[in-house]
Amino acid sequence: MNVLIDRWLNMQWASPWWLLALILPTAWLGWSYWTQARRASIPLPGSDSFTFHGKSWRILLINTPLWLRWLALSLVVVALARPREMKGEDQVETESIDMMLALDISGSMNAMDFQPNRFVAAKQTGKEFIDLRPNDRIGLVVFSAQAFTQSPLTLDHQVLKLLLDGVQQGLIENGTAIGLGLATAVLRLKDSEAVSKVVILLTDGVNNRFEINPVDAMQLAKQLGIRVYTIGMGTNGEAEVPKTDFAGNTIIVREPVEIDEALLGEIATATGGKYYRATDLEALNQIYQEIDQLETTKMEVIKYVQYREWYWPLALAAFCLLLLEMLFRYAVLRVLPESSFEPLSSGATPIIRS
């Protein structure tokens, strides 16, 4: 019992002003009692032969329908006030950020200075970064000599990771079109209404395609308010790269690692981003984690409180009480129509009109 009392004392009310209406059922009950007492006090001529003395069980229960209706009306008023218990509080972190990943898939990404190679390592760390951003819309652009959109902006990160995992090399001409890759990603964000728009561009080479100049793509990103984080992927010095010889055999050769760090740094600085150099897998993971931390500044915290509503059990109880009142009035007590019989207050002598 104490537990129930404590629960009701701690109950919250969505519309507490409805509780003021509790005076209405109480006023109705008082008026009904006063009316019945007034009728019972007026003797009618020729009614002596219909007067019953003593208190049978029907007399004792004569006012039960009144009390049942009062209780039902009171429960309806309480239900309208919507009592509810707080079940818990959910905190949802939403970041109004749209991101495009621009991934270099040129032949040099097969270099083996990352395990097992740059291409596989870039895809794996990209998927891990996607998992860090569950509330962001993220898309994917891949580029070599040409660029194309592998995935538009989406919140379906499972599908996005499958698409990233399915990216293959050699489907388009080999080359490194940094300007085209950046411009494609930027145009995908052009119509975004997000508060923050970001491109993360990863490459391991030097731009050697000039359909779109990287500087022009940088200016476009700057005008649209898009931050660009650039990542130069590759160890310092030389790296082992698999090649195919004249006989069709795969051989491993060492080639110098050439990354246009000046260009990547300029793009990042001009757009408000940052340039990173990843010389190994651990460094690449740390870069993505740092970008994740930098892009939490736009975070919005929204709290949702979950409630257990009690209005519907009260409404159901009121309905059952009204049914019970009808049962008492017309079956148990077998009350005659109002013109022939008037229910009286407890203790009064019932009078049946002739």
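Entry: An axis is a line fitted to C-alpha atoms over the stretch in contact, and angles run from 0 to 180 degrees between N-to-C directions. Helices (H or I, at least four residues) and strands (E, at least two) are DSSP runs, numbered from the N terminus. Contact (heavy atoms within 4.5 Å) is made by Gly179, Leu182, Ala183, Val186 and Leu187 of H7 with Pro214, Ala217, Met218, Leu220 and Ala221 of H8. I sorted these residues by class and noted nine nonpolar, one polar and no charged.

**Entry: conventions.** I recorded that residues are numbered from 1 along each chain as its sequence is written, and that side-chain values use heavy atoms, without hydrogens and water. In this predicted model, local features need pLDDT of at least 70 and side-chain atom pairs count only at pLDDT 80 or more, while totals for chains, interfaces and linings use all residues.

**Entry: helices H4 and H11.** I next examined H4 (residues 64–80) and H11 (residues 311–332), whose axes are 8 Å apart at an angle of about 165 degrees. H4 and H11 are therefore roughly antiparallel, a term for angles over 145 degrees. Among the residues that meet are Leu68, Leu71 and Leu75 in H4 and Leu314, Ala318 and Leu321 in H11. By class, I noted 18 nonpolar, one polar and three charged residues in this contact.

**Entry: the largest pocket.** I found a volume of about 450 Å³ for the largest pocket. A pocket is an open set of points on a 1 Å grid, with protein on both sides within 12 Å along at least five of seven lines; lining residues have an atom within 4 Å of a point. Of the 21 lining residues, the closest to the centre are Gly107, Ser108, Asp204, Lys243 and Glu255. Strand S8 gives the most to the lining, with four residues. The lining has seven nonpolar, nine polar and five charged residues.

**Entry: the cavities.** I counted three cavities of 30 Å³ or more; in a cavity a 1.4 Å probe fits but cannot get out. The largest cavity has a volume of about 80 Å³. Its lining includes Leu101, Ala122, Leu140, Ile200 and Tyr288. Strand S3 (97–104), helix H5 (118–132) and strand S6 (196–203) each supply at least two lining residues. I noted ten nonpolar, one polar and no charged residues there.

Note on methods:
Ala, Val, Leu, Ile, Met, Phe, Trp, Tyr, Cys and Pro count as nonpolar, Asp, Glu, Lys and Arg as charged, and the others, Gly among them, as polar. Grid points are joined across faces, edges and corners, and a volume is the space filled by probe spheres set on the points. Angles under 35 degrees count as roughly parallel, over 145 as roughly antiparallel, 65 to 115 as roughly perpendicular and the rest as oblique.
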